[in-house]
Each structure stands twice: as structure tokens, then as C-alpha cells.
Amino acid sequence: MVEGHFGRTTRIRAMSEEQRTKDFLSRIDAKETIEPKEWMPERYREQLVRMMSQHAHSEIVGMLPEGNWITRAPSLRRKIALIAKVQDEAGHGHYIYSAVETLGVSREEVYRKLLDGSAKYSHIFNYPTTSWADIGMIGWLVDGAAIINQTMLARCSYGPYARAMLRICKEENFHKKQGMEIVSRLCRGTAAQKAMAQESFDRWWWPTLMMFGLPDEKSKNTAELMQFGIKLRSNDELRQRFIDMNVKQAQEFGLTIPDPDLYFDEDSGHWQIGPIPWEEFFEVLKGNGPCNRERLDAKIRAHEEGRWVREAASAFAEKRAKRRAKQ
Ligand code: 3HC
């Protein structure tokens, strides 16, 4: 018989901290879903706030490189798809910020950490989009990587995060498809269009592999995240899945993988890659990427320019609450 919420709360109240943690981990091992009002170790909550807030920041900063091409899309059809995608990313940020708030932190608090530069967001959005082919690569590669990661997170132990992922993954699949269509059209186009696609692919391939996090043996979070059932696969496992899927896809597009050490290992059945340039990754993480300053300035400016909207919405909500209180 599954214990009810009330029964569990009463039982847990009588436990020591150590017993509660043991009980909590047995729930994770039993693949139970943890809901906001239920007891959780502080480390579980901290890890979720860290990971989810950075995920939400990634979604809204991710709007910037693509938004840069809305006015320059090559056709009305491409413009409509790109506007829809960028709008979706804003919605994804909203879902995940809402999920973060179920952990007792306000959206303002986590957002302030984005604006003051103390919170991370996916490093890949600190790269520029210098050609239309980049919009195809972001849809195909970046959103493709996000889908692999988020499909796993849709089964994670924290209910609000897993449920947010379910809806986001559906929309990401449209993002990936429209990106692949852009790349496919360029690769079947003129020599100049094919060259544009290859030049862009060369720039996005390695940074996309870094999206899955540090190598497992270097990752300070993965072991704990897996113990908590937040991550169900390691960084390297997800990265390998991405590589196996997309080396084949790139070859079908007629693109050359920018990795002279790449080979197919018959024994393991996986593509093996050369060394990932982690020094570049750490430079971008330190703020020395091509667009770090530009991205943060854009978010700070948008936040300032949006101040009047927030103030008007709060004034309206306050007035309505006062009116309802009088009724
Ligand atoms: N960009 C920025 N920071 C990164 C990073 C990356 N690609 N990879 C790792 N890091 C940071 C981690 O945040 C951690 O720093 P912190 O402890 O100060 O937060 C440090 O580097 C060590 O890395 P770990 O590998 O130990 O960190 P994680 O185990 O947390 O793995 C992660 C990093 C894979 C990003 C993981 O946090 C995760 O899966 N997050 C949820 C998904 C997510 O955030 N995706 C971002 C892209 S969203 C996107 O592209 C949507 C698209 O539609 C716009």
C-alpha cells in the first residue's frame, strides 16, 4: 500500500535528520517522485535550485543569438519559424523559473544572480551568430543536445522539474526539425551555401559537445545529482549519445566533422572523438567568450526597460487585491 502524504509527514516528523535522509534516499531508489511540500535534504534542494535556475537562465539568454536573425531571416516562412522558436524559449524560461519557485526561492532572487553575473547559463550562448547557417546549427545541434539532456530530466525525481521538461521537449523537437531543415537546404544549395553550412558547423560542433558538462571524472556535481535521481545518465553517457546520433546525421548532410581523430570503434559500437578543447570552455565560463559581456548587457538593459511593466503589473495586482478584500 502506498503511504499517503499525511501518513508520511507524521512518520518523518518523528525521525532524526539522518533517518529522514535515509528514508528520502530509499524513496529516490524506489523511483518515487518528490513534490514541493515534501521533506527533502537541503543539498537536494540546493542542487535543484542551482541546476534549474541556470537552466532557466540558459533558455532566456539563448533567445539572444537567435533573436539577432529575426529581422534578417531569408524568407517570411523562416522568419515565422524563428519568431515562434524564440518565443518558445521565453516560455521555457518561464516554466523552469516557476518550477524553481516551488523550492522556496523567488524568481527575482535567482534572476538577480543572472544579472550580477554570479549565476551561470549555458556557455554556448556566448558564441556569436555570424551567418544564417548558425540558426540552423543552433536548432539542429544545440537544441538537439538540449533534447537529449531534457528527455532524461523529464524522468528526474523532482516532480515540477520533470513535468516542465515534458512540455519543453515537445517544443524542442520542432526547434530541432526547423534547424535541420535549414542545414539540409543549405547543404543541397549552391557551393557558397554549402560552404556557409560547413564554416558554421566547424564553429558549433565542439562547443555543443561541452553543453553536456565536464567529463564525469572531473564533474563535481554528477555523482550527487545521480544519487538524488536528478540526473539519470552521466554527462559522458549523454555526450556519447549525441555524438553517435549526429556524426551520422552530419555525414548525411555531406558535412565534414571538424575532428581529425574521429573514428568508429567497432568493438564498442560508438564513434570516438579527439580531445575536447576544455581550455576554451573554461575561458568562456570565466567570462572571456566572444559575447559574454554583450549577452549580460542585453539582459540588464531588457530588465531595466521592463521595470515599468513590472511596476504597473504589481500596482494593478495590489489594487485588485484591495478591491477584493473590500467585497
Ligand atoms: N555551460 C555553463 N556552465 C556549465 C556547463 C555549460 N555547458 N557545463 C558545466 N557547467 C558548469 C556547471 O554549472 C558547474 O558549475 P556550478 O557548480 O557553479 O553550477 C560546473 O560547470 C561543473 O560542471 P558539472 O559538469 O559538474 O555540472 P553539472 O553536473 O551540473 O552539468 C549541465 C552541467 C549538463 C549543464 C547540468 O547542469 C544540466 O543538465 N543542467 C540542466 C540542463 C541545462 O541547463 N541545459 C542548458 C542548455 S538549455 C538549452 O540549450 C535550451 C535551448 O532550447 C535554448
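This is a predicted model: local features need pLDDT of at least 70, side-chain atom pairs count only at pLDDT 80 or more; totals for chains, interfaces and linings use all residues.
I started with a network: Glu66, Lys85, Glu89 and Asp143 are linked by salt bridges (a salt bridge being a side-chain nitrogen of Lys or Arg within 4 Å of a carboxyl oxygen of Asp or Glu). Residues are numbered from 1 along each chain as its sequence is written, and side-chain values use heavy atoms, with hydrogens and water left out.

Asp143 and Lys85 meet through their side chains in a salt bridge, 3.2 Å from N to O. This pair links distant parts of the chain, 58 residues apart: Asp143 sits in helix α7 (residues 132-153) and Lys85 in helix α5 (residues 76-101). Helices here are DSSP runs of H or I, at least four residues, numbered from the N terminus.

Buried or exposed, I wondered about Lys85? Lys85 is buried at 0% relative accessible area, and Asp143 is buried at 5% (buried is under 20%, exposed over 50%, partly exposed in between, with a 1.4 Å probe and protein chains only).

Then I turned to pairs within a helix. In helix α3 (residues 42-61), Glu42 and Arg45 are three residues apart, about one turn, and their closest N and O atoms are 3.1 Å apart. Glu42 is partly exposed at 42%, as is Arg45 at 23%.

In helix α13 (residues 292-305), Asp297 and Arg293 are four residues apart and form a salt bridge at 2.8 Å. I found Asp297 partly exposed, at 31%.

My last entry is the total: the structure holds 21 salt bridges.

Terms used. Helices (H or I, at least four residues) and strands (E, at least two) are DSSP runs, numbered from the N terminus.
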